[in-house]
Amino acid sequence: MKRDSLSGCRPRPAVRIPERIAVPMAERHLTAGGVSVYTLPAPEYGVVRVSFVFRAGSSWQRVPFCASATVNNLAEGSRRMTSLQIAEQLDYYGSYFDVSLDRDWSVVTFVCLSKYFDRTLAIAREILIEPRFPEEELGVYCAKSRQALLVNRTKVDFMARELFARSIYGAQHPYGVSSDASLYDALRREDVADFFRNHYTADNCFVVASGDVAGERIRSLEAFLGEMATGGETERPAFPEPVAVSRAERSVEGAVQSALRVGRTLFPRSHPDYVGMQVVATVLGGYFGSRLVQNLREEHGYTYGAYAAMVNFDRSGYFAAATEVGAPVTDEALAQMMAEIDRLRGELVPETELGMVRNIMAGEVMRTLDGPFGIADVTIENIQNGFDNGYTAGYMEQVRAVTPGRIRELAQRYLVPEQLTTVVVGPARGEQQA
């Protein structure tokens with residue numbers, strides 16, 4: 001290879017963006033009890049990760065905060081072990097345990113060395129099959145969570161996020177509700193135990209196992225799932241039609257910044273326009289050099305950053321653009337956000353800019369697919385949305401098919417100013433100029 005004559009260094013290799021992304025297809029096994037187990041073998045890593053995915057997100061709860069309390073207290077004690085013993089056993093074998101929760105799903109994940117798989121599965125049995133939800137631990141969790149929520153609700157960005165959800169879905173909608181922190185005090189152990197019995201069942205679960213998942217380990221996993229309870233609740237609380245408002249404001253005494261959000265409800269990932277709207281959102285605010293960043297940060301100095309994104313749920317999705325700005329420039333910043341949205345609706349995006357956006361989106365996909373655990377995360381998301389990994393494999397083909405004309409068409413169709421909701425959380429009008 002020739003060296004650069006000026007620097008004496010080897011020239012940088014050409015950047016190559018793949019036109020199609022190769023993603024391993026998960027192998028599906030169906031247990032005798034009907035649970036789908038998806039495997040992504042990678043024995044060379046010497047570790048195993050198993051994720052149990054349940055339809056047990058917050059939109060399934062009938063008692064406020066019940067879903068989060070359940071998933072976060074699974075390891076706080078079982079019939080045979082205390083929370084300390086569970087933690088010590090996981091630590092002794094070098095195993096890792098984690099939980100996550102969103103509006104629709106909860107995920108319980110275990111990671112361990114291959115040789116300690118059965119030992120880790122025995123601890124998982126205490127957590128997922130026989131949790132006890134001790135009163136004392138639950139009380140501590142509720143007290144800490146209540147205080148954390150009260151603190152978060154003094155921050156303008158957190159308040160804007162909650163107000164935006166209420167404003168586009170309605171205060172009673174499962175995707176828009178935000179309960180009073182005092183309701184943590186009313187949460188009972190029986191509420192949590194009932195939620196566990198109704199939602200952490202074999203009928204309500206699928207599993208994704210990655211890494212060194214050999215045949216014997218799959219059989220052990222199938223036996224484990226055979227012990228899991230069946231039945232439970234399959235109908236979640238009613239989903240009313242979203243009730244959106246055009247503008248919502250909240251005053252925060254003493255705030256020095258305003259949190260701004262502009263957006264609307266749209267559709268889940270299965271909609272044929274979802275990927276196109278992801279491209280629209282990326283152009284507007286999906287990376288550091290995006291239009292919102294260039295305008296609000298670089299040209300006007302209103303903010304450190306801004307973003308736009310598509311968010312999807314089981315039964316819906318939304319588009320949102322957001323930023324935080326100094327209180328005195330609240331109105332000016334909001335006007336610039338709307339101007340950038342209007343520019344997408346009126347002008348064609350230059351091919352050079354769109355090419356960079358495509359490359360950024362491809363790089364982000366490649367980053368998420370780094371290693372078997374990243375592929376497992378993508379697999380979980382695909383299954384949740386009704387796809388296999390062929391969706392991700394063909395994702396860049398869909399992105400590359402989006403033209404400047406298509407971006408303008410989508411913006412004209414879905415980003416009509418009169419159909420957008422604007423949320424402002426910050427100091428009162430009189431305080432903004434102080």
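I looked up which helices line the largest pocket. α1 (66-72), α4 (135-152) and α5 (156-169) each supply at least two residues of its lining. I took helices (H or I, at least four residues) and strands (E, at least two) as DSSP runs, numbered from the N terminus. The largest share, 6 residues, comes from α5.

This is a predicted model: local features need pLDDT of at least 70, side-chain atom pairs count only at pLDDT 80 or more, and totals for chains, interfaces and linings use all residues. Residues are numbered from 1 along each chain as its sequence is written, and side-chain values use heavy atoms, without hydrogens and water.

A pocket here is an open set of points on a 1 Å grid over the protein atoms alone, where a 1.4 Å probe fits, with protein on both sides within 12 Å along at least five of seven lines; lining residues have an atom within 4 Å of a point.

I noted about 830 Å³ for the largest pocket. Volume is the space filled by probe spheres set on the points, joined across faces, edges and corners. I counted 31 lining residues; Ser-58, Arg-103, Phe-158, Glu-162 and Val-177 lie nearest the centre. The lining has 16 nonpolar, 9 polar and 6 charged residues.

Next, the second largest pocket. I noted a volume of about 600 Å³. Its lining has 20 residues, with Arg-269, Gln-278, Glu-364, Val-365 and Tyr-395 nearest the centre. Elements supplying at least two residues each include α8 (274-285), β9 (306-312) and α12 (371-384). α11 gives the most, 5 residues.

How values were computed
Ala, Val, Leu, Ile, Met, Phe, Trp, Tyr, Cys and Pro count as nonpolar, Asp, Glu, Lys and Arg as charged, and the others, Gly among them, as polar.
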